[in-house]
Amino acid sequence: MAAPTVLQRSVVSPAGRHSASVILLHGSGDTGPGVRAWIKQVRNQDLAFQHIKIIYPTAPTRPYTPMRGALSTVWFDRWKISDDCPEHSETIDSMCRVLTDLIDDEVKNGISKNRIILGGFSMGGGMAMHLAYRCHRDVAGVFALSSFLNKTSAVYQALQKNESVLPELFQCHGTADELVPHSWGEETNNMLKSLGVTTSFHSFPNLNHELHKIELEKLSSWIVKKLPMETAVSNK
């Protein structure tokens, strides 16, 4: 039996008592430290909070079909970068299991699932949507920046018969995105909304496939809204 995959990770610890966590997944070919440094460059500071730990895992290296099978740090494989082709379900499903171990680590550290947010940029946002809406519907929220789901996504199929309350989705997308067209993100948002997900969708004019300072400020505010600081309960 193969040894379980343990993901390398970069962590921004909370300044005070740790009571919530965010798992932020990078885009294809990037790393945890890479997307953390990119966010820091755009904001001129880390994404950091008094009570929330930010975890930036790095995807394992695997052959990536859109790069003609070259090795890349990707969360899953794709037949091609398109919203109109089947998903590579085998690699998506196996990564859901690997990332579940990361969530379980936080729960073992005393952080309940409803105090965890899952999200990411590009492919990382797609992975987060699979992880939350198929496997962990009890997390506090999901965010997807410049991301999309395929038209026949397993996420949509999983939500067809859902009757439980679903995590809220925060989505951002640049209107000038040439890699993942804005319309793919919009269609993903509309589809999830039709399946019972509470969503918000923020468009950024003239933004390509990249991060923006205002986008990250909106995300930061949304994270604090979903994961407010807990008031200490005094023992009387």
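Contact here means heavy atoms within 4.5 Å of each other. Keep in mind that this is a predicted model, where local features need pLDDT of at least 70, side-chain atom pairs count only at pLDDT 80 or more, and totals for chains, interfaces and linings use all residues. Residues are numbered from 1 along each chain as its sequence is written, and side-chain values use heavy atoms, with hydrogens and water left out.

View 1. Start with Tyr156, which belongs to helix H4 (residues 154-159). Helices (H or I, at least four residues) and strands (E, at least two) are DSSP runs, numbered from the N terminus. Is Tyr156 buried or exposed? Its relative accessibility is 4%, so Tyr156 counts as buried; the cut-offs are under 20% relative accessible area for buried, over 50% for exposed, and partly exposed in between (1.4 Å probe, protein chains only). Setting aside neighbours within four places in sequence, Tyr156 touches Leu149, Asn150 and Lys151, and also Glu187, Thr188, Met191, Leu192 and Leu195. As for Asn208, it sits 52 residues from Tyr156 in sequence and 27 Å away in space, C-alpha to C-alpha.

**View 2. Two buried serines, each in a strand.** Ser21 is part of strand E2 (residues 20-25). Ser21 is buried, because its relative accessible area is 0%. Beyond the neighbours within four places in sequence, the contacts of Ser21 are Ile52, Lys53, Ile55, Glu106, Ile111, Arg115, Ile116, Ile117 and Leu227. Ser72, in turn, is part of strand E5 (residues 70-73). With a relative accessible area of 7%, Ser72 is buried too. Which residues does Ser72 contact, leaving aside its neighbours within four places in sequence? They are Gly29, Pro60, Thr61, Arg62, Tyr64 and Met67.

**View 3. Helix H2 against helix H3.** Here helix H2 (residues 89-108) packs on helix H3 (residues 123-135) at an angle of about 80°, and their axes are 10 Å apart. That angle makes H2 roughly perpendicular to H3. For reference, axes are lines fitted to C-alpha atoms, for helices over the stretch in contact, and angles run from 0 to 180 degrees between N-to-C directions. Angles under 35 degrees count as roughly parallel, over 145 as roughly antiparallel, 65 to 115 as roughly perpendicular and the rest as oblique. On the H2 side you'll find Ile92, Asp93, Met95, Cys96, Leu99, Thr100 and Ile103, and they meet Met127, His130, Leu131, Arg134 and Cys135 of H3. Sorted by class, the contact of H2 with H3 has eight nonpolar, two polar and two charged residues. In this sorting, Ala, Val, Leu, Ile, Met, Phe, Trp, Tyr, Cys and Pro count as nonpolar, Asp, Glu, Lys and Arg as charged, and the others, Gly among them, as polar.

**View 4. Helix H1 crossing helix H6.** The axes of helix H1 (residues 32-43) and helix H6 (residues 213-226) come within 9 Å and cross at roughly 105°. H1 and H6 are therefore roughly perpendicular to each other. Ile39, Val42 and Arg43 of H1 meet Lys213, Leu216, Glu217 and Ser220 of H6. The classes in the contact of H1 with H6 are three nonpolar, one polar and three charged.

View 5. On a 1 Å grid over the protein atoms alone, a cavity is a set of points where a 1.4 Å probe fits but cannot get out, and a pocket is an open set with protein on both sides within 12 Å along at least five of seven lines; lining residues have an atom within 4 Å of a point. Grid points are joined across faces, edges and corners, and a volume is the space filled by probe spheres set on the points. The largest pocket holds about 180 Å³ of space. H2 gives the largest share of the lining of this pocket, six residues. Among the residues lining the pocket are Thr5, Pro60, Trp75, Glu90 and Met95. As for cavities, a search of the whole structure turns up one of 30 Å³ or more. The largest cavity has a volume of about 120 Å³. Its lining has 16 residues, and Phe76, Arg78, Glu87, Ile92 and Asn150 lie nearest its centre.

**View 6. Asn44 and its positive phi.** Most residues other than glycine have a negative phi. Asn44, though not a glycine, has a positive phi of about 65°. Asn44 sits in the loop between H1 and strand E3 (52-57), and at 61% relative accessibility Asn44 counts as exposed.
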